[in-house]
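Let's take a walk through this model together. Have the sequence and the 3D view open as you read.

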Protein chains: 2
Amino acid sequence: MIHSTRTPTRATGAHRLRHWWLGIVLLFLPTALAAASDPLRSWNDGPVKQAILKFVADATREGPTFVPPPERIAVFDNDGTLWAEQPMYFQLAFAIDRVKAMAPQHPEWKDQEPFKSVLAGDLKTALGGGEKAIVDLVMATHAGMTTDEFAKIVADWIATARHPRFKVPYTQVVYRPMIELLNWLRANGFKTFIVSGGGIEFMRPWTDEIYRIPPEQVVGSSIVTRFEMRADGPVLVREPKVDFIDDREGKPVGIHKFIGRRPVFAFGNSDGDLQMLQWTAATPGTHFVGLIHHTDDVREWAYDRKSHIGQLDKGLDEALAKGWTVVDMKRDWKHVFPFIY
Amino acid sequence: MIHSTRTPTRATGAHRLRHWWLGIVLLFLPTALAAASDPLRSWNDGPVKQAILKFVADATREGPTFVPPPERIAVFDNDGTLWAEQPMYFQLAFAIDRVKAMAPQHPEWKDQEPFKSVLAGDLKTALGGGEKAIVDLVMATHAGMTTDEFAKIVADWIATARHPRFKVPYTQVVYRPMIELLNWLRANGFKTFIVSGGGIEFMRPWTDEIYRIPPEQVVGSSIVTRFEMRADGPVLVREPKVDFIDDREGKPVGIHKFIGRRPVFAFGNSDGDLQMLQWTAATPGTHFVGLIHHTDDVREWAYDRKSHIGQLDKGLDEALAKGWTVVDMKRDWKHVFPFIY
């Protein structure tokens with residue numbers, strides 16, 4: 001009743017009414033401005049950017065192309081799709097750093113491949129042992145501790161390690177256009193998932209901070225964990241045994257297992273993503289299938305059909321044949337990384 | 001400008017102002033009413049209801065007991081916790097109905113256990129074969145088709161099958177107090193998950209409709225699926241091979257694998273949930289561990305330590321020793337099912 005001593009006038013009433021409408025306008029102004037500005041500003045104008053914007057508009061507009069919000073499931077490969085994968089998978093760099101850190105406790109590694117060559121800095125020989133060498137490296141560095149301990153090891157590494165070319169944390173060697181895409185999809189009611197061949201527990205400690213993708217929306221490869229009741233409480237122990245490989249034919253399997261829905265949107269960059277893209281292309285109704293082609297040997301790397309990492313051969317042929325959306329990184333991305341270019 | 005011919009008066013202005021405030025009040029009235037009314041109206045007043053309400057209040061109030069929204073992970077067993085599990089697990093009833101429906105295509109079952117006894121209506125002999133009999137039943141009825149085909153089989157069954165005692169669809173033999181609890185947790189920013197020993201693909205077709213728990217928040221046991229490219233597109237084929245058993249020690253493993261976070265809230269009803277409850281009890285900070293004790297032989301069933309279904313023996317001892325919240329169904333639930341009591 002603070003105004004009770006004032007005599008209200010017609011003018012005061014009208015002023016209050018105007019004020020009320022102004023409040024409504026101000027309330028919606030940020031939203032209106034955000035919508036009016038470019039949500040994909042790191043993408044050059046062209047058919048790829050237009051295809052993405054059209055898909056989102058189609059999916060969210062009432063009508064025959066509408067996708068109900070619960071079905072707006074978007075899946076992304078990680079290595080080479082959300083962050084870089086050169087000069088080697090970042091998880092392999094982690095494993096190598098771990099071998100070096102753990103070497104004092106493993107004198108036997110001096111005479112044992114692939115550890116011997118890793119410690120000598122000869123990665124080519126170390127990885128010459130093929131899949132067995134990789135599995136040995138992964139099991140020696142990723143198993144034999146609790147899940148809490150491993151999460152801490154990963155978090156410490158990701159906070160301190162630097163990418164050899166760009167000299168920044170690996171968490172900055174992420175694709176700015178793809179971060180904008182993730183944000184734009186979420187702003188339109190999509191639920192964004194990572195579906196990666198990489199280790200699920202290697203990714204979960206940092207995906208929320210970098211991509212705003214929480215742990216429960218990360219699908220990846222895994223090793224077996226075992227519940228154990230210890231004197232100070234229960235733990236999960238990481239065993240040196242493969243549980244699930246979320247790559248190639250495993251990606252649709254992983255999507256079905258972890259998400260239990262057909263994606264309407266998928267983005268990958270290699271033949272390891274081909275089946276996930278085929279699976280999404282077969283989703284009834286409105287859907288989008290995207291493939292990143294690494295064509296920029298100045299700002300990033302150029303590689304595809306004969307690459308040892310992230311090989312894109314069959315996937316490129318199928319994308320061209322089926323009319324999937326192929327990102328030409330050099331042509332379509334105005335910026336690549338957040339830090340320099 | 002429909003009012004432009006009317007001379008505005010002070011009274012009109014004041015009326016409009018009142019109208020405006022009234023609009024605001026009406027806008028918030030439903031929310032205010034909902035909050036003021038009892039969110040757990042099917043629970044009798046007592047220590048259990050108070051413990052639940054206190055936990056939610058603690059977790060959502062700024063201060064030392066606060067739980068940040070992303071960490072508000074709540075996990076629920078299904079059989080005996082969200083819906084009933086007597087006179088047999090509902091998924092077993094599904095398997096038996098499937099055996100009967102598939103029998104014409106399997107003449108060999110007439111001489112082959114456990115199918116022979118199932119078809120003769122002698123469940124006791126059929127299940128006398130122990131775990132092998134169960135696995136044979138599950139594999140014969142749950143494998144050998146695509147995931148889409150299986151989802152349709154489940155959806156058709158759940159739409160038509162009736163519970164033998166209550167003569168209503170199984171989807172109505174759910175616990176009304178637990179549905180209220182799920183709603184109350186979600187209204188307070190919790191993400192609700194099912195973590196069940198039951199088949200993940202048996203549950204996903206109906207959990208969203210009944211519990212408002214979407215497929216991607218359902219964790220359960222699974223069989224292996226295999227990606228296959230057919231002439232008319234890709235499919236996932238269900239193989240007769242166990243992939244993961246989400247029971248006992250498997251529940252914390254499943255939580256870690258699928259969710260990747262420590263729950264702060266867990267509810268179960270049997271020794272199969274014990275490790276999940278221990279795992280949640282060990283979550284640092286504010287948490288809640290609940291156990292349903294089936295004590296109502298009139299409205300539901302009374303069973304615990306020596307039951308063949310949903311045995312609660314060790315779990316009851318540990319709950320009493322550790323001070324977990326034990327629901328005495330007879331005492332604590334004003335209503336049990338939505339349909340009659």
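In which strand of chain A is the place of Thr325(A)? Thr325(A) sits in strand E8, which covers residues 325–328 of chain A. Keep in mind that you are looking at a predicted model.

Is Thr325(A) buried or exposed? Its relative accessibility is 15%, so Thr325(A) counts as buried. Setting aside neighbours within four places in sequence, Thr325(A) is in contact with Val48(A), Ala51(A), Phe288(A), Val289(A), Gly290(A) and Leu291(A). Take Leu291(A): Thr325(A) and Leu291(A) are 34 residues apart along the chain, yet their C-alpha atoms are separated by 6.2 Å.

## Chain A as a whole

Stepping back, chain A has 13 helices and eight strands. Of its 341 residues, 52% count as buried. Contacts that reach across the sequence are well represented: among those in chain A between residues at least 6 apart, 65% join residues at least 24 apart.

## Salt bridges within chain A

Side chains of opposite charge can pair when their charged atoms come close. Over all chains, the structure holds 42 salt bridges. One of them joins the side chains of Glu318(A) and Lys322(A), at 2.8 Å from N to O. Both residues belong to helix H12 (residues 314–322) of chain A, where they are four residues apart, about one turn of the helix. Glu318(A) is buried, with a relative accessible area of 16%, whereas Lys322(A) is exposed, with 53%.

Another salt bridge pairs Asp332(A) with Arg331(A), again through their side chains (2.8 Å, N to O). Here Asp332(A) is buried at 2% relative accessibility, while Arg331(A) is partly exposed at 45%. Elsewhere, salt bridges that share partners link Arg226(A), Glu228(A), Arg230(A) and Glu239(A) into one network.

## Where the two chains meet

How many residues does the contact take from chain B and from chain A? It takes 40 residues from chain B and 40 residues from chain A. The area buried between the two chains is about 3,500 Å², and carbon and sulfur atoms give 60% of it. Glu216(B), Phe227(B) and Lys257(B) supply 18% of the area that chain B buries against chain A, more than any other three residues.

Charged and polar pairings also span the contact. Between chain B and chain A there are eight salt bridges, including one in which the side chains of Arg261(B) and Glu216(A) meet at 2.8 Å (N to O). The count of residue pairs in polar contact between the chains is 18. On the side of chain B that touches chain A, H11(B) gives the largest share, five residues. The residues of that side divide into 19 nonpolar, eight polar and 13 charged.

## How the copies are related

Chain B superposes on chain A by a rotation of 180° with 0.0 Å of shift along its axis, and the RMSD is 0.0 Å. The two copies are thus related as by a two-fold rotation axis. Among the residues of chain B, Phe258(B) comes closest to the rotation axis, with its C-alpha at 3.1 Å.

Why do the copies meet through the same surface? They do so because 100% of the interface residues of chain B are also interface residues in chain A.

Key: Residues numbered from 1 in each chain as written. Chains lettered and ligands numbered in written order. Predicted model: local features only at pLDDT ≥ 70, side-chain atom pairs only at ≥ 80, totals over all residues. Heavy atoms only, no water. Contact = heavy atoms within 4.5 Å. Buried area = accessible area lost by both parts, 1.4 Å probe. Salt bridge = Lys/Arg side-chain N within 4 Å of Asp/Glu carboxyl O. Polar contact = N/O pair within 3.5 Å; in protein donor to acceptor, adjacent residues only side chain to side chain. Helix = DSSP H or I, 4+ residues; strand = E, 2+ residues; numbered from the N terminus. Nonpolar A, V, L, I, M, F, W, Y, C, P; charged D, E, K, R; others polar. Least-squares fit on C-alpha atoms with pLDDT ≥ 70 in both. Buried < 20%, exposed > 50% of the residue type's maximum accessible area, 1.4 Å probe, protein only.
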